[in-house]
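Work through the two exercises below with the model open. Each task is followed by its solution.

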Amino acid sequence: MKKSPLPFTSNFPISDFTEIWQLATQKKYPKYLFFALCLNLIVAPAVYAANAESFTKFQAYALGLLGIATFAFSIYLFVVMFQPEKF
């Protein structure tokens, strides 16, 4: 029997990939987290550039994530206040 050049082709049929894709389209929170981390790649250098002498890069990225989380939480609370029947 000839061995495939890609070792995972025989172990993972296409149906498994379609199941993973369907699961990924159903779950939205991992996508939101991914987009928040991508947004942090834009926000953190701006924070670091504004305070380069007082913050390290790690602190700038942490502060960027904290700002994004605070902004997202404030939007969530705003929606909950004005549309409580959804929750």
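Axes are lines fitted to C-alpha atoms, for helices over the stretch in contact, and angles run from 0 to 180 degrees between N-to-C directions. Helices are DSSP runs of H or I with at least four residues, numbered from the N terminus. The model is predicted: local features need pLDDT of at least 70, side-chain atom pairs count only at pLDDT 80 or more, and totals for chains, interfaces and linings use all residues. Residues are numbered from 1 along each chain, and side-chain values use heavy atoms, without hydrogens and water.

**Exercise 1.** Describe how H2 packs against H3.

Solution. Step 1: the axes of H2 (residues 29-50) and H3 (residues 57-82) lie 8 Å apart, at an angle of about 125°. H2 is therefore oblique to H3, since angles under 35 degrees count as roughly parallel, over 145 as roughly antiparallel, 65 to 115 as roughly perpendicular and the rest as oblique.

Step 2: list the contact (heavy atoms within 4.5 Å). H2 contributes residues including Ala36, Leu39, Asn40 and Tyr48, and H3 residues including Lys57, Gly64 and Ile68. By class, the contact has 14 nonpolar, two polar and one charged residues.

**Exercise 2.** Which residues line the largest pocket?

Solution. Step 1: the lining consists of Leu33, Ala36, Leu39, Leu65, Ile68, Ala69, Phe71, Ala72 and Ile75.

Step 2: assign them to elements. H2 and H3 each give two or more residues, and H3 gives the most, with six.

Step 3: sort by class. The lining has nine nonpolar, no polar and no charged residues.

Methods:
Ala, Val, Leu, Ile, Met, Phe, Trp, Tyr, Cys and Pro count as nonpolar, Asp, Glu, Lys and Arg as charged, and the others, Gly among them, as polar. On a 1 Å grid over the protein atoms alone, a cavity is a set of points where a 1.4 Å probe fits but cannot get out, and a pocket is an open set with protein on both sides within 12 Å along at least five of seven lines; lining residues have an atom within 4 Å of a point.
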